[in-house]
Amino acid sequence: MARLKTLVRNQHGVEPLRGGHALCQGCGIPMVVRVVLSSIDRPAVVVNATGCLEVATTRYPTTAWNVPWLHVAFENAAAVASGVEAAQRALRRRDALPSGQEVQVVCFAGDGGTYDIGMQALSGALERGHRFLFVCYDNEAYMNTGVQRSGATPFGASTTTSPAGLEGWGKAQRRKDMTAIAVAHHVPYVTQACASHWDDLSRKVERAAAVDGPAFVNVLTDCPVGWGHEPRLSPHLLDAAVESRFWPLYEVVDGAYRVTYEPRREVDVTEWLRPQKRFAHLTEPQIEEIRRQIAGDWDDLLAHVAVEEREGAS
């Protein structure tokens, strides 16, 4: 079945997230939410950490959500999702829920609620093995509170807490590799996806929802306000992040790595950097350092894939 037909079929005539929310023009978050929830073929409960998504979809007294939804704090979204999943299992043992219908627990959090403030709860939930899907919509900073740097903010990016100017040239540290951190928990399914590659994201969510245990989906999505670009450029910039290999698309299933998208053409990272005001201050030495980092990360990924191919052939 065509992927669009699958998404429509799973909605059963009701979009999981309605229009009328207050997310910014060009924001990729609503597309991520709709693709994720519409790729799951059973009822879902959403646990939503504080952040752009929560604030902009639930302005009192309205809501844009058409599914059961819980708002929780930055730091405890995965812990709450663990409780919802455990409660479901307990109620099913008591025959208080139908035995034949599983309810999917989906947790949405931004990079602040995943890479930083929410990491402790997420790590605990992954290690305990709760059956839930954790989706990070990664726009690479604390956009909701004023574009402060986060652990996901790239090297060299200018933010309100790592400003470029006379005293500095943006964030001096590299971003955390949160996808690799999730892999280190030995969970059944971990993947890296991108909002503009919705077909790839949808198929990955389908696989993630089917595993017996935790699944982690790290999705790059942009913020025109925080990145500093015209909203109409959003798809181009997200595609450029993938094509330049800054944000490779891959999945790790039971420890086995697989690249799910090979860039069609060689794109220099400047195609991703130049349209964004947060990188406008960078000079050639800093850009060359970013190129070096990307090349090293890509080689490391291919090395993981090669190991799996060798083991599979033996």
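The structure holds 1 cavity of 30 Å³ or more, where a cavity is a set of points, on a 1 Å grid over the protein atoms alone, at which a 1.4 Å probe fits but cannot get out. This is a predicted model, in which local features need pLDDT of at least 70 and side-chain atom pairs count only at pLDDT 80 or more, while totals for chains, interfaces and linings use all residues. Residues are numbered from 1 along each chain as its sequence is written, and side-chain values use heavy atoms, with hydrogens and water left out.

About 110 Å³ of space lies in the largest cavity, a volume being the space filled by probe spheres set on the grid points, which are joined across faces, edges and corners. Its lining (residues with an atom within 4 Å of a point) is made of 15 residues, of which G51, F74, G110, A141 and Y142 lie nearest the centre. Sorted by class, this lining has 6 nonpolar, 8 polar and 1 charged residues; Ala, Val, Leu, Ile, Met, Phe, Trp, Tyr, Cys and Pro count as nonpolar, Asp, Glu, Lys and Arg as charged, and the others, Gly among them, as polar.

A pocket, in contrast to a cavity, is an open set of points with protein on both sides within 12 Å along at least five of seven lines. The largest pocket holds about 450 Å³ of space, and of the 23 residues that line this pocket, R174, R175, D177, F246 and D297 lie nearest its centre. Which helix supplies the largest share of the lining? That share, 7 residues, comes from α12, and both α11 (270–273) and α12 (284–313) supply at least two residues each; helices (H or I, at least four residues) and strands (E, at least two) are DSSP runs numbered from the N terminus. By class, the pocket lining has 13 nonpolar, 3 polar and 7 charged residues.

In helix α6, which spans residues 119–128, A121, L122, G124, A125 and L126 are buried, that is, under 20% relative accessible area, whereas exposed means over 50% and partly exposed in between (1.4 Å probe, protein chains only). Among the elements that cover these buried residues are α4 (77–93), α5 (112–116) and β4 (133–138). After α6 comes G129, whose phi is positive, near 90 degrees.

Finally, P68 lies in the loop between α3 (52–57) and β2 (69–72), and P68 is partly exposed, with a relative accessible area of 48%. Leaving aside residues up to four places away in sequence, P68 touches A44, V45 and V46, contact meaning heavy atoms within 4.5 Å.
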